[in-house]
Structure formats: structure tokens, C-alpha cells
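Subject: Structure handover

Hi,

Here is the structure I said I would pass on.

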Amino acid sequence: MVKISSQLIISMFRTPSTALELDEATWQTVILVLRKHQILARYSYRFRAFNIFDSLPKYARHHFVNAEILAEKQNHQVSFEAEQLHSIISDSSDAKIFLKGAGYSLAGHKVSKGRTYSDINLLVSKGSISEIERKLILHLWFAEVKSDYDENYYRKWAHEIPPMRHAHRGTVLDLHHNLVPIISGKAPNIELFIQHVEVLDNDIQVLKPFAMTLHSMIHLFFNDDFTNAYRDLTYLHLIIDEQGSEECWYELLESASRTGFKRELFLGCRYCSTILGTAIPDGVMVELTDSVANWQLPILDRIFLKALTPGHHLLAEGKNPMAHFFALVRGHILKMPLNILIFHTFH
């Protein structure tokens, strides 16, 4: 199996016509790397958008079509699960907002094409979460908790209850009452997000595009697990590309300022632009210049310019373990005060 560079994977996203130059041996490696990062269908749709899909080798097209079929099946499953969940909790909370991938899919955004799902994320009001949990249990949704410590962690410190899995369908649900852990001290007044809701034809709620974008950046840069960070970065690029109107950028900047997430917006814009060539208005970056101290930028660049790029043993650069380690440490520091972090780490 031939080794390739991570830059080739990135170049195929930035300039899809690069794919036309690859031989079959290289394609074998590319397919494995894309599958590992769960972006095989995403790249397939990108090649279609640039009208080069039919010019790709038969070997590559075969894998891409199979990935599209799987992604489309999961997309339909998300719609089904959303309707089921909505019917269960419709009278329990004013807020019933589908987040992240489910939100993109239900709203019909282009970024949902080719997306695969490991779970469904739903935001409800904190006051109603116990009632909703009881209703879900009656409909065969059960918590997946490995220990009493995990149970306490979620109930006391986190922004969500323990993940729930449907007994028959196997679907995993993350039920949120905020966007980041409460113990972090950085959890926003969730009403500042709930007020930016778009109600779809079937009364299912999602965030407005600019709020979706900001939440995606928060999720990526408030995280400690960067295993699929490159995948998430490509989705950030796509939603910015789709929704990046002047009005959207104005609302994005205002919302980031009001909720205290200008740093995450800055980092999202910086690394989307640097790695994927995402078009970010100059005025936006000027507005965000005070979000990160100048001395911090070289450190953050050393971490994220590696952690946000593809990693695989078939890539010449390998898996970037040190970058992922420091991203892991940073993520935990953001999520917990030092005394809680020390206790959590020893546990």
C-alpha cells in the first residue's frame, strides 16, 4: 500500500480536480484514509459538485457510491428519529432544538449531504430534562452509563445527561441542556441561543444558520477529542461557504460577542482559512484580533495545524500524536477547573 501526504487529502478538498491525477494505487490509500475519517461520502458529493465524479476511476466511484448510499440511509434515519422524539416530548419543553448534524440534515442544508451520524443531539430546557428523560425511558430509551462516577459526572458537571440508546433501533441520543459543561464556568446563558430558533414545517426546531455555525465552532474548539477534527473542519468550511452572507457574518460576530465565544469563532475562521482556504471576510478577522493574545498564536498553531489535519498510518506524517495529546490537555483544561481536572484525571 503506497503512502501519501495529508496535504494530498486536503488538496483534493480544496481543489477537487487534483483527484483526476491519481493512479489506482494512490486511490486505494485515499479511500482508506477518507473512510477512516468518515468523509468518503462527503468527498464524493464534492466531486459531483465540481462535475468531475464521472471522470474518476471505476474503483473510486464504486466506493464513493456505496458511501453515498450509507449516508443517505442515515439521513433518512435522522428524519425518522427526529419525528419520533418530537412526538414523545412535544408537550414537555418550549425548546426542542436538534443540534449539529441532525440540525443540518433536518433543515436541508447542503452541508448535510454525505454526512454520517454516530448520534443525535437534542437541546431542551434544563428545567424539563428530568420529565423528558422519564418519557424517553417509557419509549425504550435507556441511559448508557458505565459507572457511578460517570453518572455523577454527567449529572453534576456536564451540559447533558448520560447518552441514551434506543433498545430496539440502537440509535444514540445526547440530551443537552447547554452547549458546554456547566463546571467549566463558560457555559452561556442558553436563552441567547434558544432565541435564535428556526421552526420547520413539521414543528421541529433547529438553530438559525449563524447560530449553527457558531455552535459548530464551539463544539470543535471546546473539545478534547480530535479524532475526527478534520471531518468537522470540512463541515465548518461547507456551512460557511453556504451561509456566509454579510448579514450572517454580522449576526455571527454579535452572537459570539454576547455569548463569550469570540475565541472559538476566531479559531474556526483562522484554521478553516489556513487549512482549507475558506473565504473569510477581512473585516471579520480584524474584528476578532483581540480574541487571542499574540503570544498564544504560535502555540495554538503548532497544535491545531497538526490536530486538524488528516491522521492515518498510511499518511507520510503519521497520526500526529503529540498535537492530539496537547489538544486533549487543552480541551480538558477548558472544561474543568484545575481541582476538578486533577480529581477527574486520577480517577
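A word on burial before anything else: I call a residue buried under 20% relative accessible area, exposed over 50%, and partly exposed in between (1.4 Å probe, protein chains only). By that scale Leu328 is partly exposed, because its relative accessibility is 32%.

Some ground rules. This is a predicted model, so local features need pLDDT of at least 70 and side-chain atom pairs count only at pLDDT 80 or more, while totals for chains, interfaces and linings use all residues. Residues are numbered from 1 along each chain as its sequence is written, and side-chain values use heavy atoms, with hydrogens and water left out.

Helices and strands are DSSP runs numbered from the N terminus (H or I, at least four residues, for helices; E, at least two, for strands).

Back to Leu328, which sits in helix 15 (residues 321-335). Together with Met322, Phe325, Phe326, Val329 and Ile333, Leu328 makes a nonpolar surface patch of about 540 Å². Patch members have over 30% relative accessible area and no salt bridge; like charges are joined within 9 Å and nonpolar side chains (Val, Leu, Ile, Met, Phe, Trp, Tyr) within 5 Å. The areas are Shrake-Rupley values with a 1.4 Å probe, and for residues only the protein chains shown count as cover.

Now for the covered parts. Ile9, in helix 1 (residues 6-14), is buried at a relative accessible area of 0%. Beyond its neighbours within four places in sequence, Ile9 has contacts (heavy atoms within 4.5 Å) that include Val30, Tyr43, Tyr230 and Leu315. Leu315 is 306 residues away from Ile9 along the chain, yet their C-alpha atoms are separated by 9.5 Å.

Helix 9 has twelve of its 13 residues buried, among them Phe210, Met212, His215 and Phe221.

Strands pair if DSSP finds at least two bridges between them. Strand 5 runs parallel to strand 2 (residues 120-124) over four bridges, with Leu122 partnering Leu175. Its pairing with strand 4 (residues 164-166) is antiparallel, over two bridges, and there Arg165 stands opposite Val172. Five residues lie between the strands of that hairpin, where Gly170 takes a positive phi near 80 degrees.

Finally, salt bridges (a side-chain nitrogen of Lys or Arg within 4 Å of a carboxyl oxygen of Asp or Glu): the count comes to ten.

- Glu68 and Arg48 meet at 2.7 Å, N to O. Glu68 is in helix 4 (residues 58-89) and Arg48 in helix 3 (residues 40-49), so the pair ties together parts 20 residues apart in sequence.
- Glu144 and Arg165 have their closest N and O atoms 2.4 Å apart. Glu144 is in the loop between strand 3 (141-143) and helix 7 (148-157), and Arg165 is in strand 4, 21 residues apart.
- Arg270 and Asp301 meet at 2.9 Å, N to O. They belong to helix 12 (residues 262-276) and helix 14 (residues 297-307) respectively, 31 residues apart. Arg270 is partly exposed at 23% relative accessible area, whereas Asp301 is buried at 17%.

Cheers
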